[in-house]
Amino acid sequence: SNPFEVKVNRQKFNILGRKSKNDVGLPGVSRSKAIKKRTQTLLKEYKEREKTNVFKDKRFGEYNTKISPEEKMIKRFTLERQQNYGKKNIYNLNEDEELTHYGQSLAEIEKLNDIVDSDSDTEERGTLSAELTAAHFGGLLRKKASSGQQDEAEEKPKSRKELIEEMIAKSKQEKQERQSRRESALELTEKLDKDWKEIQTLIATKTPKSEKKDKEIEKPKPDEYDRIVRELGFEMKAKPSERLKTEEELAKEEQARLQKLEADRLRRMRGIDEEAKNKKSSHVSADDLADGFILDKDDRRLLSYKDGKINIENEVEKEKDEEEEDESGQDDNEEESEEESANEDEEDVATDSHSDLESEHEYEEEAVGNEEQKKDKTNRSESQNQKEQDPKLEAASSELPYTFAAPESYETFKTLLAGRTIEQQLIVLERIQKCNHPSLAVGNKGKLEKLFGFLLEYIGELATRDLPDLRAIDKLVLPLYNLCQMFPEAASDSVKFILRDAAHDVEEAVEVKGRATFPGLDTLIYLKITSLLFPTSDFWHPVVTPAFIYMSQLLTKCRISTLQDVIKGLFICCLFLEYVSLSRRFVPELINFLLGVLHISLPKKKAQGYTVVHPFTPVGKNLELLLVCDKKDLESWQKQNLPLRVVTRLDETSKTEMNHIRLSCLALCFDLIKRCAILYESLPSFHEIMHPVRILLTQHIPINEYPEKMQECCHNAIKEIENKAKHYTPLICEKKKPVPLKQYTPKIVKVLEFGRIQGCNKKEQERKQLIRKHKRELKGAIREIRKDNQFLARTQLSEIMERDAARKRKVKELLGSLATQEGEWKAMKRKKGKN
């Protein structure tokens, strides 16, 4: 390389990641310099990553002047304890804490045998023992032995065996002394006991009871806390409860219970006494010793003699009926026993007098007589048992069966319920459900689904009677609801079928005649039951929505021609309010019908300020249906609920009762208007909806002519409407910014030249320059980090390859040495074989 071509730029500071301009301008020099720099910095850090060559004083609080020396020592002691009892000793339960004194273990200090405590020597207290002086003072206080003895001792040192023998002899002597002391102490105690027994007889005197009571220490009364603690101790502990049974288990248990009760009922009805059957004597073998014989009751009687005869005392504690039966039975038994005893006496006499002269004929007569007596006894007992069982049989036959098969047709269902009270009908329906639960058999689900339809049809039949049994219908709704909860799909299909047929009838009547009539009481009850079985607050429901539409058709298409139609229409209005009580859905047919009811209560005149909607007409023959002109009837009217059964008995009522019903209908209309005002108060168009109603109530209806209760109802309705009208806010369009008109002025757009930085203000230029620098530095940093990672990866790979090469080399050396050993061993084996 030509030195004149080398270009060097000087640099004041080394900045990592920045391209240095002072690199030597030769090809490949910059890369070699980068590698050299990484070996000096990054490689050095990588090699020294786990090395520490700096001494750090890590003693607690060494350079903290705020902590006192005592606190430092205490904290250091606790830290040392924590280090000693770390994770290594966490499961070591047998290792005790090691106590130290001045850095030495106390356990090792206690093992030193050369320390003798002078205070433990009780016999020579106050004087220093020879052993202690020898150990501590070198024997200065010991008496000097004679020179001859010293010389002998110095000349003949004792061996280990002699020392052990001396120790054994000393221990035996001490043991013998201790035993002698113990024996002498025992002898002294025995002597003292004998002397005390002799003296005790002279001293023993009984103290009086009064003194004993005084001497006795009064027991302290238990505190309230102690009393509560004792109560808690004797309190019953909680017992684990049984698990909740599943629906199938409950159904099986209920079926088993009903089957057992039905079997007992049938047994009672047939006159089979189970107790007597169980008490029948079982077969007794000849080897039976009657070990398990137990008396049911004590039949023993007391015997006494009266006037030289035996008197038997009967039991006193018995019930009156049992006493009479027992007395009658006892009298019969006594007579029979007397007859038998008399017969036996006669037989004995006969045998004594004519034992050898008896003939076969006499024996036959006696056998026939005995058989007749037995037949008479059995007939009497059977007649008595039959009299006793007659009331039981009657009660069993009149009792309801406990098990019922699910009816397959409506006729069988009617026969099951025919002639029974409503309470018995409910019991029959409940037992049918329990005996035919879907979990007990495969086909029970279909049977109970049919039962729902039969019960629905039966309710409709009760409603269509001349005198509808509304009380029974009210009771039968509960089993209907239970079946609906079990089978919602089948229940919805049954109710939808009834409502569809009713709606088709209304549409057909409108197409043929141009008008329709209100349905019967059964359809109205079905509409009421629909609100009880299904949710009415849903936005859409497969059963409630068709019922909703059907009721709106009734209020708009059915003509009002009689008072019955008015009552039915008001009933549908009540159902509408019940349906929408939660959803607060607006029903215009309801408001229109109530407006028409108010219209037919006015005298015939031209309508002013309001319009009448179909089915009501402003002019016609069906007006003034609710108009009452008789003052006596107005004065005698009292507010009461309007029963639904009135619909079927309007032909039999008198004129006064009809007027009272008209007034009750009008009062009900006022109440419904009040409820509508409360329900629809949040509607924005409430004032427009209730405006015609308010005009009728305030301007056209003669309120002063009606009774006080009627006036009160009317005023309450007007008050509700007017109060809500004050809170009315009219609909206003939302305020928006006005849209400007389009102007046809040209839009000037600056044409930018590609590749040039466009001119802008100074702040914007600095901002863009910073963004560019940041991007450049970020790219450079990412590039340097990537190169550093590659350098480290290469160094790690070279280390791994070196380790693998060293391992392979060692393996080869080992295999070579093993091969040489094997060859030498084989050569030795050959030599031995040759020899």
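The model is a predicted one, and its protein chain holds 26 helices and 4 strands. Of the 835 residues in that chain, 22% count as buried.

**The chain as a whole**

- The protein chain exposes about 67,000 Å², and carbon and sulfur atoms supply 53% of that area.
- Among the contacts in the protein chain with a separation of 6 or more, 69% are accounted for by residues 24 or more positions apart.

**Helix H15 against helix H17**

- Two packed helices are described by the angle between their axes and the distance between the axes.
- For helix H15 (residues 444-463) and helix H17 (residues 488-513), the axes come within 9 Å and cross at roughly 35°, and the crossing is right-handed.
- On the H15 side, Glu-449, Phe-452 and Leu-456 take part, and they meet Ala-490, Ala-491, Ser-494, Val-495 and Ile-498 of H17.
- By residue class, this contact of H15 with H17 divides into 6 nonpolar residues, 1 polar residue and 1 charged residue.

**Helix H13 against helix H15**

- Helix H13 (residues 410-417) also meets H15, with axes that come within 10 Å and cross at roughly 65°.
- Because angles of 65 to 115 degrees count as roughly perpendicular, H13 and H15 are described as roughly perpendicular to each other.
- The crossing of H13 and H15 is right-handed.
- From H13 the contact draws on Tyr-410, Phe-413, Lys-414 and Leu-417, while H15 contributes Leu-451, Phe-454, Leu-455, Glu-457, Tyr-458 and Glu-461.
- The residues of the contact of H13 with H15 divide into 7 nonpolar and 3 charged, with no polar residue among them.

- Glu-720 has its place in helix H25, which spans residues 708-726.
- The relative accessible area of Glu-720 is 18%, and because buried means under 20%, Glu-720 is classed as buried.
- Leaving aside residues up to four places away in sequence, Glu-720 touches Lys-674, Ala-677 and Ile-678.

Notes. Residues are numbered from 1 along each chain as its sequence is written. This is a predicted model: local features need pLDDT of at least 70, side-chain atom pairs count only at pLDDT 80 or more; totals for chains, interfaces and linings use all residues. Side-chain values use heavy atoms; hydrogens and water are left out. Axes are lines fitted to C-alpha atoms, for helices over the stretch in contact, and angles run from 0 to 180 degrees between N-to-C directions. Helices (H or I, at least four residues) and strands (E, at least two) are DSSP runs, numbered from the N terminus. A crossing is left-handed if the near helix is turned anticlockwise from the far one by less than a right angle, and right-handed if clockwise. Contact means heavy atoms within 4.5 Å. Ala, Val, Leu, Ile, Met, Phe, Trp, Tyr, Cys and Pro count as nonpolar, Asp, Glu, Lys and Arg as charged, and the others, Gly among them, as polar. Angles under 35 degrees count as roughly parallel, over 145 as roughly antiparallel, 65 to 115 as roughly perpendicular and the rest as oblique. Buried means under 20% relative accessible area, exposed over 50%, partly exposed in between (1.4 Å probe, protein chains only). Accessible areas come from the Shrake-Rupley method with a 1.4 Å probe; for residues, only the protein chains shown count as cover.
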